[in-house]
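This report concerns the packing and pairing of two protein chains. The sequence and the structure are shown first, and the account of selected features follows.

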Amino acid sequence: MKHEERGIMSRYDHRKPVNRLTYGIIYLVVLIMACSMLYPILVAMFNSLKTNTEVNSFPPTFIPEHGWQWGNFKEGWNFLDLPLFLRNTLAIFVGNLVVTIVVLGMAAFSLSKMNVPKSKVISMFFLITLFIPPTTYLIPNFLNLKDLGLVNTFAAFWLPAGASAFNLLLLKNFFDSLHQEMFEAARIDGASELRCFGQLAVPLSVPIISTLAIFIFSTAWNDWFWPSLVMHSDHKYPLATAIYKYVISARGLNLNIRFAILFMVMLPPIIVFLTLQRFIMRGLHLGGVKG
Amino acid sequence: MNQSALPIQPSESNQTRRTGIVQILKKHLWGYLFLLPALLLFAIFLWLPIIKGFVYSFYHIDFVKGNTFVGWDNYKTVFDDPDVGKSIRNTLYYMGLALVMGFWVPIVFSIAISEIRRFQGFFRVAAYLPNVIPVVVLYGLWRWFYDSVGPINAGITKVFGGEGIAFMTDTKWSMISIVFMETWQQFGSAMLLYLAAVLSIPRDWYEAAEIDGAGVWMRIRHITLPSVKGLIVLMLLLQLIGTSQGFQAQLAMLDGGPMNATLTYSLLIVKYATTRLELGVASAMGVLMFMVLSVLAVIQFRLQSKGDN
């Protein structure tokens, strides 16, 4: 007997003409949605290959009609020091990830597996911060960094990365699912707590660490406003802030060059996402609520 | 857990409490050492700014000459500024629009995509794609889409003729345009969450309902939607929390214009800090926002605990 997985609609439903019609319409709507998601990427690509007059013409063309201007990419590349800004973004990402794993990992491990007295109170100290909306202390946060003399340094990103209650919660929930007996056995064999954490807990938490890496990467890659406040000198901006300051807000820049830069910036994450798509989707699932 | 606090030898039972604490510390030295860095970072980078916000709201902040105490002046400035009222109305309008235009979209698409057999994976990935592209890049692209000579207006004039719509510069349209863009950009991640919930509903429930004569729409209404109700409530709360603080798209795409039509409360905080250079007033606005939101949080908590009973 052939067992077919059914959805909300059964095979029988699919035979009814009314249902077939609605199903067709739904399919069409979803297809249009998918196209609207792909459209901006194609527009950015084709517009970056046009001459400036063609980009500005009305009605706009989709595919370049006056020859493909590959030189635009070179011009865009020379307009901004993209490798420098990319390096800054990666520096923020790597630092944040390391601080998260070491600082929050150790704290989560302590709360989850070392049953210290008063862990309830300590958890409260961490978790209440989840309920305070960050915008309410946005400016004091900046002033605080200024008081500490951290403005315009990467430490202004790395150190606060260790103060994320959400990431702490993710790590703690994951450690809770690891068996206590394993750590007891290691301790009896004479392993120190540091070894229990570094050589047992961390290697076992590769799934949650990759989830965290996705979150931290997308924050580092996306965040443009906060770095524009904290970083003052040009050569310290991460990529997103540099794009905002020099490309989005720029007045004199030709539209086709602008599109060329935007396309060069959006291409790497899309390629990474499409190649690692299966892992990333799984990782997002593990991360639960935060999309 | 308290076991460790008990003295190990009976002879120690009459010792003072202090040695008890020392013993706990000795036994759990590593546990507390593991917690120490996180405790320090939370204190310095979260709790300190939160507390400093209240302090700074009574000061005039000057980076060169130093801060001076000004009492309630900053709060007076906030209540005298007509932009504040306007920004509150804009924020509420923005939250409402985001609910009306955006909240239902991921739910509908998750149910639709769960029913699609062919290329389901492709649709999932496509819907998530805008989350992968840096938002600043999307702001740049959408500014061109919405332009008076952009592709959307080209489509409108081609189909309907006439003038076309000034999506960005018309005060009636600017907020709607921003919400539309944000819905497009963000619904994918919410959709994936709903999809996971919808796909985890047992198939035989539908089977049973169908045998009982429930149509497709009835099955969605009485099985699918109630099953993801918890998630819907959670997403609603998260969206309200998020949109009440929204300012980045408004800042990047329109800088609060035209005629302050997209000036949200959070954006006004940012403007007080960056262009008006009144960081004390910005802190005071943050404190006021904190007050209002915590009252709302308490109400929500009350409602939730009532619902659990």
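In this predicted model, Tyr139(B) is in contact with Trp224(A), Met181(B), Gln248(B), Ala249(B), Ala252(B) and Met253(B), its neighbours within four places in sequence being left aside. Both Tyr139(B) and Trp224(A) belong to the largest nonpolar core, which has 183 residues. They are among the core residues with the most contacts inside it, together with Phe109(A), Ile243(A), Met266(A) and Leu141(B). Helix α5 of chain A (residues 82-113) supplies the largest share of this core, 13 residues.

The contact between the two chains involves 104 residues of chain A and 99 residues of chain B. Arg6(A), Ile8(A) and Met37(A) supply 9% of the area that chain A buries against chain B, more than any other three residues.

The values for the pairing of the chains are set out below.

| Item, chain A with chain B | Value |
|---|---|
| Buried area | about 8900 Å² |
| Part of the buried area on carbon and sulfur atoms | 78% |
| Salt bridges | two |
| Residue pairs in polar contact (both at pLDDT 80 or more) | 19 |

On the side of chain A that touches chain B, helix α2 (residues 17-47) gives the most, with 18 residues. The residues of that side comprise 74 nonpolar, 21 polar and nine charged. A salt bridge joins the side chains of Asp13(A) and Arg219(B), with an N to O distance of 2.7 Å.

Key
Residues numbered from 1 in each chain as written. Chains lettered and ligands numbered in written order. Predicted model: local features only at pLDDT ≥ 70, side-chain atom pairs only at ≥ 80, totals over all residues. Heavy atoms only, no water. Contact = heavy atoms within 4.5 Å. Buried area = accessible area lost by both parts, 1.4 Å probe. Salt bridge = Lys/Arg side-chain N within 4 Å of Asp/Glu carboxyl O. Polar contact = N/O pair within 3.5 Å; in protein donor to acceptor, adjacent residues only side chain to side chain. Helix = DSSP H or I, 4+ residues; strand = E, 2+ residues; numbered from the N terminus. Nonpolar A, V, L, I, M, F, W, Y, C, P; charged D, E, K, R; others polar. Core = buried A, V, L, I, M, F, W, Y, C linked by side-chain atoms within 4.5 Å. Buried < 20%, exposed > 50% of the residue type's maximum accessible area, 1.4 Å probe, protein only.
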